[in-house]
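Here are a few friendly notes to read beside the model. Have the chain open and find each residue as you go.

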Amino acid sequence: MGTDISGFIEYRARQDGQEPTWYGAHDLSPLNDDVRNYDAFGCLFGVRNYANFRPLAAGRGFPPDASAALGARFAQLAEWYGEDSFHSTTWITWAEVRAVDWDEPAEKPDSRLHEYRQTPSGLRMTGKASWSAEFAEAVGLERGDFREWPDGAEWLIGDTLYRSVTVRRRDAVTGTGEWRPVWEAMKELAEQHGDDNVRLVVWFDD
C-alpha cells in the first residue's frame, strides 16, 4: 500500500489589533497535484525515507495554534475516516525552507539500488528498487537479506547497471518539480507577512 500526502498552507497575521493569529491560505493538493514522491517525503518530513536523508521537519505533530480552517479540516477527516487514518503530522515554515542547503547529501547511500539501461544517447535511469531477484542471484543475497553498499559501487548484470547512489536534497525536491508551486505560494505569502509567519502543515495516509 502506498503513502500519500495532504496539507495546508497557513499565514499568521494581526487583525483588528488582536494578537497574531494563523489563517488558512491554500490546500496543498491543487498545488502539488498529489504527487507521490517518497524521496521528497523523506527529505522534507522523514516519511518513507528510503534515501536516508536527515529530515528537515519530522514528527512535530499538529500545531496547537492551527488556523480555524485547518482545525475544521482535521475534525472533518477524523469524523469521516477516524483519527487513525492519517499519521506523521508535522509542519515547516517558509523561513526553514529558505534556509535549506539543497546540495546537502543524504546521510548515507539510498537503501534502493538505482537501475540504468544503456541507450543510444547513453545510460538512462529506469528505476530504483530495494529488491531485485536478478541482482540478488548475481551477488549471492537471500530474500530478506539487507546490505548497505558503499556510495558509487556498481554492478553490470545483463543489460542493467545497478549503482549505489547518495542522493542530494535537490535530487529529491527538484526546482522544477511538484514542490515549485508550493514554494511559490509560500514565498508570496511571506512577502506580505514575513518568513516565520508562513508555514506548511502536512499529514500522511496509507
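**Notes on pockets and cores**

1. The second largest pocket has a volume of about 230 Å³. This is a predicted model, with local features needing pLDDT of at least 70 and side-chain atom pairs counting only at pLDDT 80 or more, while totals for chains, interfaces and linings use all residues. Residues are numbered from 1 along each chain as its sequence is written, and side-chain values use heavy atoms, leaving out hydrogens and water.

2. A pocket here is an open set of points on a 1 Å grid over the protein atoms alone, where a 1.4 Å probe fits, with protein on both sides within 12 Å along at least five of seven lines; lining residues have an atom within 4 Å of a point. Volume is the space filled by probe spheres set on the points, which are joined across faces, edges and corners.

3. Which element gives the largest share of the second largest pocket's lining? Helix H7 does, with four residues; helices are DSSP runs of H or I, at least four residues long, numbered from the N terminus. Trp183 and Val173 are among the lining residues.

4. Val173 and Trp183 also belong to the largest nonpolar core, of 37 residues, and are among those with the most contacts inside it. Such a core joins buried Ala, Val, Leu, Ile, Met, Phe, Trp, Tyr and Cys residues through side-chain atoms within 4.5 Å, buried meaning under 20% relative accessible area with a 1.4 Å probe, protein chains only.

5. Phe45 is another of those residues. Leaving out residues up to four places away in sequence, Phe45 touches Trp179 and Leu200, among others (heavy atoms within 4.5 Å).

6. The largest pocket has a volume of about 360 Å³, and Trp149 is one of the residues nearest its centre.

Definitions and conventions:
Helix = DSSP H or I, 4+ residues; strand = E, 2+ residues; numbered from the N terminus. Buried < 20%, exposed > 50% of the residue type's maximum accessible area, 1.4 Å probe, protein only.
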